[in-house]
Amino acid sequence: MTLSRTAAPVARGRRRRVLAYWPQYLAISPFYVLFAVFGLAPLLFSFYLAFQRWDGIGEMQFAGLDNFQYLIKDDVFWLSLWNTLLIWVMSTVPTLTLALVLAVLLHSVKRFKAFYRMAFFIPNITSTVAISIFFGALFATNYGLVNAGLEAVGLPEVAWLQNAWGIKIVIAVLTVWQWTGYNAIIYLAGLQTIPSDLYEQARIDGANAVQLFRHVTLPLLRPIILFTVVLSTIGGLQTFTEPKVLLGDTAGTGQSGLTMVFYFYRQAFSHNDYGYGAAIAVVVLLVVALFTILNWALVQRGQSERSR
Amino acid sequence: MTISRRRLLQAGLFTVATAAVGASAACGGDDESGSTGGDSKDLSLWYWSGGLSEKVVADVSTQFSDITFKATQVGGSFKDKLVTTITSRQFMPDITGIKGEDIAYFMGQAGQFLDLNELGAGDLKSQYLEWKWKQGSTPDGKLIGFPIDIGPTALFYRADIFKKAGLPSEVADVTAAMSTWDAFFDNGAKLKKALPGTFMVGEAVEVYDMAVGQSTKRYADADKKFIGDQEHIRRAWDLATKAVQLGISFKVASGGQDANAAWNQGTLPAKLGAAWVAGDIKSAAEKTSGNWRIAPMPDGPANQGGSFLSIPKSSGNPKKAFEIITWLLNADNQARGYTDAGLFPAAPAAYKMSALTSPDEFFGGQVTIDVLGAAAEKIPIAYESEYDSVLREPFAAELSNVETKGKDPEAAWNDAVSAAKKAGERVGVS
């Protein structure tokens, strides 16, 4: 055995060494197998489909760039892109700001820590469909709790789900409610990694609470913030369940709840235009990638400037 | 050590390979039995919750004791799951339901299903409503979908509120007074005047869809020609926008908290809807029992919803499958479907059965079949294109702009037509 091993060429030896780890590879394979079947294969198929015309059952017809050419001139697509970006900004900025505030508060809490953490995390593990139905009732025009509250303090009722901004606000509020706790827990984990002697030193130098936050907490939390911004970008630009459940297939007044993913869903699964649906999905991927890179660059640049 | 590991790996690979070969062999076997027409003793049915009477489905096993029958309620998006299964050519049911809104799409995929006429459906044709039978048939006369139920539309209204507003409230009087859309709208204006904050129409698109359904044409004809800019659509559009301009629209989609509360409180005392809406009102506005009535829809009935049963071409035993379908959907069982699941029968013989002729206390003891049965037989035959859903969308979207944003109806119409034309060109309708 020793003989054959030395006689073998280097490459084979390397391969054999890789093979020698087969139990480890086997152990992690379920993820890769499942990912390949349910993630990678549909993804590649979508790319293929984006260049076809297909009604879901019959023969596919090669369409070249037709789907993309139509998409560029498709007003509804641009509307959905605009809606998506608006809803994303309207939900992500408050979510992350609130999450940071919550995390700082949580960090200084001395009692019932576990209770608070759990309480803030529960919205995130609640079914989005259930939350959407609940929010639909909450923001109902005539008999919703929100309008009842407005009326009680003498403000006029708002037809939340019947106007373009109302719809976006409801979706944004829903997202904020669902994701603030999740991000706060991540920030909290980040806060706990900041050594307390940094704060002590700053305090000795005479920094007040606001200065501590701005000059110690924020810079050291930057990698974590970057992480949450990227995650929120990826998630927020794919908003679908909320408008679908709240508004149904019409996507509300002036289609103002029509997000990109909703549009692609509607084209593919309601109108059986799978090729065009796939083309929209590919563009969604590009948009998400673009904004992720943009955000990453923005937050990164801030960091390097600061460290300079 | 190394050797034994490698051997293990080889053994493992071998096992996987054998399994794969075995599986593909099994699939091959499946296909064969499908193509030979088969006399399989195991038959399966796919439907959705509420799509058929569960009691009738359960009785199939006793009725057909020579086979093993397995019925599955498929949850989620039924059409998507059926399409996926057809595409994968695996695990196909021997009988499947098709929802009314998807039948036009599956007509375009008629090759995936057996022509039920070849199995003898022609003999039963006279027992079912003609327009429904046509809806389940391809233009060249193949019967793909066997009628389960239908959705004849009518005007549901609260007699107590109508009376309070000084409007006619007895069914006969409402029928006479609101036989046209114009008369209906006039009464809507009176209602609003007598009881401010009370609306006759739920939302404009409700009027629109009903009026389109009253026509014999929709958005595209059988030659894939766009006809959405023609008189029949324009009429529906004008009626819907008129309701908006008169201010008699509640501007809220039914099904939500607002509409349900308004039914209860009487601020929305009317609903244009199909027979199955009775179930919605009963569950959403239980306390108003006895106050509701059903009158014919202004200008005649339309149809909304109603499903079909089909036999995929891969069915293991088409003859038996057809026997099961015709038994499941005979007039007696259609009447049971109405009692158990609120499925309005597509076989008029059922309209004379006690399940349908008994008075309904929720509707003040009205014999509702008098109105709904008559509506069912008067529904116009229209060609439904598989592209109707994509062509309708711009009209619905623009209508909501008129209703909630105050967009000029004429500008909205022009935008809707040009958007529909553009969407049509994409799918080859021009």
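Helices (H or I, at least four residues) and strands (E, at least two) are DSSP runs, numbered from the N terminus. This is a predicted model, in which local features need pLDDT of at least 70 and side-chain atom pairs count only at pLDDT 80 or more, while totals for chains, interfaces and linings use all residues. Residues are numbered from 1 along each chain as its sequence is written, and chains are lettered from A and ligands numbered from 1 in the order in which they are written.

**Exercise 1.** Characterise the burial of H13(A) and its packing on H5(A).

*Solution.* A residue is buried if 20 or more other C-beta atoms lie within 10 Å of its own, exposed if 12 or fewer, and partly exposed in between, with C-beta atoms placed from the backbone. In helix H13 (residues 260–270) of chain A, eight of the 11 residues are buried, including A:Phe264, A:Arg266 and A:Gln267. The axes of H5(A) and H13(A) come within 8 Å and cross at roughly 145°. Contact requires C-beta atoms, placed from the backbone, within 7 Å. On H5(A), A:Val76, A:Phe77, A:Ser80, A:Leu81 and A:Thr84 meet A:Met260, A:Phe262 and A:Tyr263 of H13(A). This contact contains six nonpolar residues, two polar and no charged. After H13(A) comes A:Asn272, with a positive phi near 55°.

**Exercise 2.** Why do the buried residues of H2(B) line one face of the helix?

*Solution.* In helix H2 (residues 54–63) of chain B, the buried residues are B:Val56, B:Val57 and B:Val60. Viewed down the axis of H2(B), they fall within an arc of 100° and so line one face; the arc is that of the directions from the helix axis to the C-beta atoms. B:Ala58 and B:Thr62 are exposed on the other side of H2(B). The buried residues pack against strand E2 (68–73), helix H13 (318–328) and helix H14 (331–341) of chain B.

**Exercise 3.** Which elements of chain B give two or more residues to the side that touches chain A?

*Solution.* The contact joins 30 residues of chain B with 26 residues of chain A. The elements in question are helix H1 (2–35), helix H3 (78–88), helix H11 (257–265) and helix H17 (388–405) of chain B. H17(B) gives the most, with eight residues. The side of chain B that touches chain A divides into 12 nonpolar, 12 polar and six charged residues.

**Exercise 4.** Is B:Ser310 buried or exposed?

*Solution.* B:Ser310 lies in strand E9 (residues 308–310) of chain B. B:Ser310 is buried, because 28 other C-beta atoms lie within 10 Å.

Notes: Two residues are in contact if their C-beta atoms, placed from the backbone, lie within 7 Å. Ala, Val, Leu, Ile, Met, Phe, Trp, Tyr, Cys and Pro count as nonpolar, Asp, Glu, Lys and Arg as charged, and the others, Gly among them, as polar. Axes are lines fitted to C-alpha atoms, for helices over the stretch in contact, and angles run from 0 to 180 degrees between N-to-C directions.
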